[in-house]
Amino acid sequence: MDDQKKRRSMLIYVIVALVIYLFLSRSLFPQIMNATITTVDYSQFLADVEADKVDEVELNTGSNTIRFVEKDGEEERIYETTLFPNDTQLVALLREHNVDFSANIPDQSSGIWFYMLLSYVLPLLIFFGGGWLLNRQLKKQMGDDSPSMNFGGGFGGFGMGGLGRSNVKEVKGEETGVTFRDVAGQDEAKDSLVEIVSFLKNPDKYTAIGARCPRGALLVGPPGTGKTLLARAVAGEAGVPFFQISGSEFVEMFVGRGAAKVRDLFKQASEKAPCIVFIDEIDAVGKRRDTGLTSNDEREQTLNQLLSEMDGFDNQKGIVVLAATNRPESLDQALLRPGRFDRRIPVELPDLAGREAILQIHADDVKMGPNIDLGIIARSTPGASGADLANIINEAALRAVRNGRNRVSQDDLVESVDVVIAGEKKKSTVLSEHEKEIVSYHETGHAIVAAMQKGSAPVSKITIVPRTSGALGFTMQVEEDERFLTTRQEAKDKIAVLCGGRAAEELIFNEMTTGASNDIERATQLARAMVTQYGMSEKFGMVALGQQRNRYLGGGAELTCSEGTAQEIDAEVQRLVEEGHQKALKILQENRFKLHEIAHYLQRKETVTGEEFMNILTRDDGFAPKLAAAQTQ
Ligand code: ADP
Ligand code: MG
Ligand code: ZN
């Protein structure tokens, strides 16, 4: 729930509490509230009695006062006066004038207590009790494992200073039931974690020899690579409880709550030790403290508490703190020193074998048809994370159900790769024939430039079916095997392929469309990286001109050069892209007959496989390009 909603419900709650309070005090204790009591002299009282104005008299022996009521039609007026000592005539006088009278001989103390109870304690109870109920209600709505809001408790803590105890109920010490077998393609990470598992299983063995086991390990890597999964697997392997909390849950509405939560978390953990405390997305609290002008007190307090807890806990018992982040560079240095998160375990994107293994794990959970080749799927998904791959299998299963089959076929898998890469097919977008023609030429342009260059990956598919991502078509290239290095020539070839779409439009229609915007963006990005990061330009040579901002979350490089150099970089980037553009134009010019033929074929069929494409391109009809060199790879 976001802050605004939180604030709004608090406001409503305060208003309701006030209304209830006013209502109660008006209806239950009117005599207390109707405090329009006029104090008069005793002589005035006697005079009023004698004038028959007084209707009721009440003597209060506790305070030695007389309260009397004068009724004037509907209106009632209350007066008070002090009892005149030893006035023995009063009773006779009252009788004579027919006044109702009574004496109130209170048990003084209980009266005052009752008064206090009704007027002060009850409203407070309603106020905080209501807060507590509301808190519970909200928590129920948000589900049990969601972060607590600390609404009523927080409120109470606010007013009374003593109720600041956090409720860390969301931290469950549970056995995860996940093991290393559920994690594929992260063998190095698993190797680093094996020692922690063995320590958790048998802390005594380590303490006997005097070894200090790591208190904490930091899992760093891009999103979706299985960091959370690995942490759970460690707990599962060791068979110990698992306390999970997300960094953002520490940062609370009220200052000081985060620190209390940290304390509570470690208190609970030490009761259940040996166990694992897992702090997900630790960068939310662990950001470097000195950066920026605006400091965040709450976060810093929480971080300080975390630091001191990590120093303080008695590691004999076996508590291991695991944390995950994809922004390691922003973490506070103090977190990373030995004795805290002294181990750093990279969890990188899976390679080809890893991707296939991950696909296999998730394929085991669904019913697969015969003749499934997960290797092809793994090859066509370079750069995909474990979460992406799990998603591909799931999408394939969904497609099988949609088509009324009870097993997943290879087609389902291939199609779901497209869905994950480019989005669902978009049926609502209907292109006119002319637009379809342009898109066909555009995509064929990419494909032919790719096929005619040695350094480009083979084309595996061309399609002009619009996708929900906004793409009107795409050309898919799949490497034969995993590449870890890119040569300068390959980078240049890639820029040319990206320029191939626009080049085809220019060549055939003598026109430009907006369809090339994504190509242009990617070509420029690559060219810029070649100049500023890879040292691949003749002009600057091997000089780093930029610094990568965030390794795991993408994001470009920050220039670290003078303004003058920045201008020269722009010129160099422009030159590189233009070089690719010219090369693409030249290739397409030389193969324009094949371009026409394939584009029209594509326009009719909408999707062309890599094989069909190569068949047309290489068919010897007098226009076939000399592909001997290009097709050896
Ligand atoms: P992270 O915490 O690194 O962002 P998660 O651990 O939450 O990623 O992974 C999300 C999901 O992706 C997991 O629940 C799992 O289904 C799948 N997944 C990710 N990496 C792997 C892997 N290496 N092996 C198997 N499944 C994986
Ligand atoms: Mg995670
Ligand atoms: Zn394009």
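This is a predicted model: local features need pLDDT of at least 70, side-chain atom pairs count only at pLDDT 80 or more; totals for chains, interfaces and linings use all residues.

Visitor: Which elements do the buried residues of α21 pack against?

Guide: Helix α21 covers residues 517-532, and its 16 residues reach 22 Å from first to last C-alpha, close to the 22 Å expected at 1.5 Å a residue. Its buried residues are Asp519, Ala523, Leu526, Ala527, Ala529, Met530, Val531 and Thr532. They pack against α19 (433-451), α20 (488-509), β13 (546-548), β14 (557-559) and α22 (563-590).

Visitor: Which elements are included in what covers the buried residues of α18?

Guide: Helix α18 (residues 410-422) reaches 18 Å between its first and last C-alpha, close to the 18 Å expected for its 13 residues at 1.5 Å a residue. Glycine 423 follows α18 and has a positive phi, near 95°. Buried residues of α18 include Leu413, Val417, Asp418 and Val419. Their cover includes α16 (374-379), α17 (386-402), β11 (459-463) and β12 (474-477).

Visitor: With which residue does aspartate 418 form a salt bridge?

Guide: The partner lies in strand β11, whereas aspartate 418 belongs to helix α18, and the two are 43 residues apart. With closest N and O atoms 2.4 Å apart, the salt bridge of aspartate 418 is formed with lysine 461.

Visitor: Are glutamate 590 and lysine 586 buried or exposed?

Guide: The side chains of glutamate 590 and lysine 586 meet in a salt bridge, at 3.6 Å from N to O. Because they are 4 residues apart in helix α22, about one helical turn separates them. Exposed means over 50% relative accessible area. Glutamate 590 and lysine 586 are both exposed.

Visitor: How far apart are the closest N and O atoms of glutamate 597 and arginine 619?

Guide: Glutamate 597 is partly exposed, with a relative accessible area of 27%, and arginine 619 is partly exposed at 40%. Glutamate 597 lies in helix α23 (residues 592-605) and arginine 619 in the segment after α24 (610-618), so the pair ties together parts 22 residues apart in sequence. In their salt bridge, the closest N and O atoms are separated by 2.4 Å.

Visitor: Which residues do salt bridges that share partners join into one network?

Guide: The salt bridges of the model number 24. Those that share partners join into one network the residues Arg488, Lys492, Glu538, Glu572, Arg575 and Glu579.

Visitor: What accessible area do the residues of the nonpolar patch on the surface have together?

Guide: Leucine 122, one of the patch residues, lies in helix α5 (residues 108-142). Leucine 122 is partly exposed, with a relative accessible area of 31%. Together, Tyr120, Val121, Leu122 and Leu125 have an accessible area of about 370 Å².

Terms used. Residues are numbered from 1 along each chain as its sequence is written. Chains are lettered from A and ligands numbered from 1 in the order in which they are written. Side-chain values use heavy atoms; hydrogens and water are left out. The expected span of a helix is 1.5 Å times one less than its number of residues. Buried means under 20% relative accessible area, exposed over 50%, partly exposed in between (1.4 Å probe, protein chains only). Contact means heavy atoms within 4.5 Å. Patches are made of residues with over 30% relative accessible area and no salt bridge: like charges are joined within 9 Å, nonpolar side chains (Val, Leu, Ile, Met, Phe, Trp, Tyr) within 5 Å. Accessible areas come from the Shrake-Rupley method with a 1.4 Å probe; for residues, only the protein chains shown count as cover. A salt bridge is a side-chain nitrogen of Lys or Arg within 4 Å of a carboxyl oxygen of Asp or Glu.
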